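Please read them with the model open.

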Amino acid sequence: MEADAGQALANLARRALSLKVIAIAVVAGICFLLVVGMFGAGIGGKAFADSCGARGKPGVDLEDRGDDSPQKPSTGTKLRKQQIKNAKTIDEVAQDSGLSGRATLIALMTALQESTLLNLDHGHSDSVGLFQQRPKAGWGTKDQIMNPKYAAKMFFFGDNDGSPRGLTDVKNWDIIKLGKAAQAVQNSAYPDLYDGQEEPAREIAEEADIDLTRSGSQDGGKGAQPDGETPADPEACYSEEGTGSSKPGKPGQAFHDGKDTAVGNGEWLPIVRNGRTSSEAIEWAKKEAQTGGRDWYRACLAFVANAYAWHFSGVPYAIDHYKEMPAHMKHDKDRRPPPGALLYWDTGKRAGHVALYIGNGKIASNDIKRPGYIDIVPATEIESKWRATYLGWAEPYFPKGG
């Protein structure tokens, strides 16, 4: 009886502790929601300004993020459903990028070996996700890697500077041994294990109705349009016609400073009133590129607004900002923008991209070299690396900014 009484008291103590933990979690959750609510009202431009690059550190449309919730190892039917879902996501990224079924097979083999094809929120050291990619090794932040589409794009394409490199950066990846290609990306301490996952990968692909015999390009169209693919039509994203320029450039042509445009060297129309001048905005952007942190992932519109001392742009997407720009402020296709102008691209996704022109053919842009960071690069890199379509430039006008 004494033992039973002691056990009962112990059970009550554990139950009380559990209730206390639950109560603390509820209070913490409420506090979190309040904090999100307070901050969310002012960062609309930053949260939704998606620079959807086609390769490198990728952006993902808000409507198309996939399931980035952690998945726990399980057994039987539940495990298989999770694996098939993740396999379809990986193959979708490969298909959208113009890669072959062989690329999908290598990715499936890799993910099976690394994570059992589950989106794990843990692993060796700081490794997470389908491919157990490491934030410390430059694969992105933990939140980014936990997005299956992001993780798949990184596996296929790596970083823009080749470190870390992706599958398409591996020489002859499409003809060398499957496991060797996987190891070239993963640099695993156990390189021989990937080949053992070929048969399981093929079985999952069959259940997921994935065509592993699908042909594709070797590089996924990096730097060039794949055969049969045409650049996105800018008119599919905006309808208004800007006043334009008498000197529209050709795709890929270098950008030059415009000194004979309607607004001269950053002498904007009187309606354009910002907290910083163009020269001040450019200096701010350069400093952000040198010393700034990883604050700008998928936040191109918020970045240019901040450069001109606005807290937020007031517009959800870069495409919309260009669309809503007064017609006389838009210069379609013109590659002679004044320093301080905003340059816009159609990336083939909902959001588009905008960057700050700093002069001498260069822009300050987020995500183009490092995810979340600002870098100074030639303006042509948005076309060559992301296969985006240049729309034109506009004055730094933020009528809805705050």
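1. In this predicted model, the axes of H4 and helix H7 (residues 178-186) cross at roughly 65° and come within 9 Å of each other. Angles of 65 to 115 degrees count as roughly perpendicular, and H4 and H7 are therefore roughly perpendicular to each other. The crossing of H4 past H7 is right-handed. On the H4 side, the contact is made by Arg-102, Leu-105, Ile-106, Met-109, Thr-110 and Glu-114. H7 supplies Leu-178, Gly-179, Ala-181, Ala-182 and Gln-186. By class, the residues in the contact of H4 with H7 are six nonpolar, three polar and two charged.

2. H4 (residues 101-115) also packs against helix H8 (residues 198-207), with axes that come within 9 Å and cross at roughly 115°. H4 and H8 are therefore roughly perpendicular to each other. Their crossing is right-handed. Here Leu-105, Leu-108, Met-109 and Leu-112 of H4 meet Glu-198, Pro-200, Ala-201, Arg-202, Ile-204 and Ala-205 of H8. The contact of H4 with H8 has eight nonpolar and two charged residues, and no polar ones. Leu-105 and Met-109 are listed in the contact with H7 and also in the contact with H8.

3. Which residues touch the most other members of the largest nonpolar core? They are Leu-343, Trp-345, Leu-356 and Ile-363, in a core of 48 residues. Helix H10 (residues 300-307) gives the most to this core, with seven residues. Apart from this core lies another, of 44 residues, which includes Leu-108, Met-146, Ala-181 and Ala-205. Of these, Leu-108 is among the H4 residues that meet H8, and Ala-205 is among the H8 residues that meet H4. Ala-181 is one of the H7 residues in the contact with H4.

4. Ile-363 can be checked by its contacts beyond four places in sequence.

5. Ala-254 sits in the loop between H8 and helix H9 (278-291). Is Ala-254 buried, partly exposed or exposed? Buried means under 20% relative accessible area and exposed means over 50%, so Ala-254, at 39% relative accessibility, counts as partly exposed. Leaving out residues up to four places away in sequence, Ala-254 touches Arg-335 and Thr-380. Ala-254 and Thr-380 are 126 residues apart in sequence, yet their C-alpha atoms are 6.3 Å apart in space.

6. Pro-399 lies in the segment after strand E6 (389-394). Its relative accessibility is 53%, so Pro-399 counts as exposed. Pro-399 is 127 residues from Val-272 in sequence, with a C-alpha to C-alpha distance of 8.4 Å.

7. Some totals for the whole chain complete the note. The chain has 12 helices and six strands. Of its 402 residues, 48% are buried. Among contacts with a separation of 6 or more, 70% join residues 24 or more positions apart. The pair Ala-254 and Thr-380, which touch, is an example of such a contact, at 126 residues apart in sequence.

Note on methods: Residues numbered from 1 in each chain as written. Predicted model: local features only at pLDDT ≥ 70, side-chain atom pairs only at ≥ 80, totals over all residues. Heavy atoms only, no water. Core = buried A, V, L, I, M, F, W, Y, C linked by side-chain atoms within 4.5 Å. Buried < 20%, exposed > 50% of the residue type's maximum accessible area, 1.4 Å probe, protein only. Helix = DSSP H or I, 4+ residues; strand = E, 2+ residues; numbered from the N terminus. Contact = heavy atoms within 4.5 Å. Axes fitted to C-alpha atoms, helices over the stretch in contact; angles between N-to-C directions. Parallel < 35°, antiparallel > 145°, perpendicular 65-115°, else oblique. Left-handed = near helix turned anticlockwise from the far one by under 90°. Nonpolar A, V, L, I, M, F, W, Y, C, P; charged D, E, K, R; others polar.
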